[in-house]
Amino acid sequence: MSTFTMDTSTSRATPSPVPGKRMTAPSIRARKADGKTEQPIVMLTAYTMRMAQLLDPHCEMLLVGDSLGQVIYGLPSTIPVTMDMMCAHGAAVVRGSWHALVAVDMPFGSYEGSPKQAFDSAACILKETGCAAVKLEGGEAMAPTIRFLVERGIPVIGHVGLTPQAVNVLGGYGARGKSADEAKKILTDAKAVADAGAFCIVVEGVMEEIARTVAPPVIGIGASAECDGQVLVTDDMLGMFERTPRFVKRYDDLAARIGEAAATYAAEVRDRRFPTADQTYRPKA
Ligand code: KIV
């Protein structure tokens with residue numbers, strides 16, 4: 001069952017305060033019209049309605065990443081993430097946004113089997129969430145699938161370099177492209193994904209600066225300032241975790257601030273300083 005309300009003035013999910021202003025796949029693609037992007041594209045992950053509301057005014061794209069497996073559900077990797085998880089969080093993020101293009105990750109096992117399997121899964125994600133694009137991992141091997149989806153009306157974001165769903169093949173989450181062969185393979189993958197019709201490509205954890213070598217915008221995560229845009233996992237950027245990859249810049253230290261707030265609350269409850277009269281219902285005098 002669909003979880004969103006169609007706004008007919010925008011043909012997009014959720015009522016928009018500025019009808020028709022939501023970013024689209026063509027408008028993102030057009031940001032790199034003549035081979036260069038004047039203003040870098042801003043993308044962050046979002047998994048909840050409230051976080052989407054807070055991030056939306058600042059971003060061109062919100063990614064409902066399958067990183068939610070680790071960030072929200074405490075899973076050891078993205079492998080166990082399900083379609084149900086992606087659809088529930090995707091719908092919440094669409095409901096909380098009106099400006100950014102919302103893209104939802106296709107979870108492991110939902111698209112690799114065949115282009116037909118990928119189409120069925122992607123169509124389900126679009127119908128259930130109201131998002132405007134899906135992202136899937138993989139290079140040359142996934143190019144026919146990307147073409148199949150795009151030709152059938154589903155905008156696709158590619159994802160090459162470090163592809164976390166392939167952790168069992170890669171053997172870890174280390175940077176990719178250290179050897180000349182590996183770097184060449186990443187370039188070949190990016191080109192294949194671009195040729196297949198992806199409107200932009202996430203490039204993760206790579207040595208090589210490949211932003212200039214493919215036509216669509218390249219959104220980097222640990223992939224240098226050469227990229228046409230940048231994406232980070234929002235919880236990393238906000239300092240919610242003690243350990244973060246080297247490429248993450250922390251713009252806040254929310255874990256410490258939440259810990260302090262919880263400690264103050266706990267102390268006040270134990271000392272009976274909370275609640276006070278200000279937080280207490282009383283009969284009218
Ligand atoms: O799942 C995710 O959050 C991602 C980003 C790291 C790009 O794919």
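Trainee: In which segment does P275 lie?

Mentor: P275 lies in the segment after α10, a helix that spans residues 254-270. Helices (H or I, at least four residues) and strands (E, at least two) are DSSP runs numbered from the N terminus. The structure is a predicted model, in which local features need pLDDT of at least 70 and side-chain atom pairs pLDDT 80 or more, while totals for chains, interfaces and linings use all residues. Residues are numbered from 1 along each chain as its sequence is written, and side-chain values use heavy atoms, without hydrogens and water.

Trainee: What kind of peptide bond joins F274 and P275?

Mentor: Most peptide bonds are trans. The bond between F274 and P275, however, is cis, with omega at about -5°. F274, like P275, belongs to the segment after α10.

Trainee: Which value does phi of R272 take?

Mentor: Most residues other than glycine have a negative phi. In R272, which is not a glycine, phi is positive, near 55°. R272 also lies in the segment after α10. With a relative accessible area of 76%, R272 is exposed.

Trainee: Where is S224 found, and what is its phi?

Mentor: S224 sits in the loop between β9 and β10. Although S224 is not a glycine, its phi is positive, about 85°. Its relative accessible area of 26% makes S224 partly exposed.

Trainee: How many bridges join β9 to β10?

Mentor: Two strands pair if DSSP finds at least two bridges between them. β9 (residues 218-221) and β10 run parallel and are joined by two bridges.

Trainee: In which sense do β3 and β10 pair?

Mentor: β3 (residues 41-45) and β10 (residues 229-232) pair in the parallel sense, over four bridges. Here I41 stands opposite G229 in β10.

Trainee: How many helices and strands does the chain contain?

Mentor: The chain holds 10 helices and 10 strands. Its C-alpha trace spans about 75 × 45 × 40 Å along the principal axes.

Trainee: What percentage of the residues count as buried?

Mentor: Of the 285 residues in the chain, 47% count as buried.

Note on methods. Buried means under 20% relative accessible area, exposed over 50%, partly exposed in between (1.4 Å probe, protein chains only).
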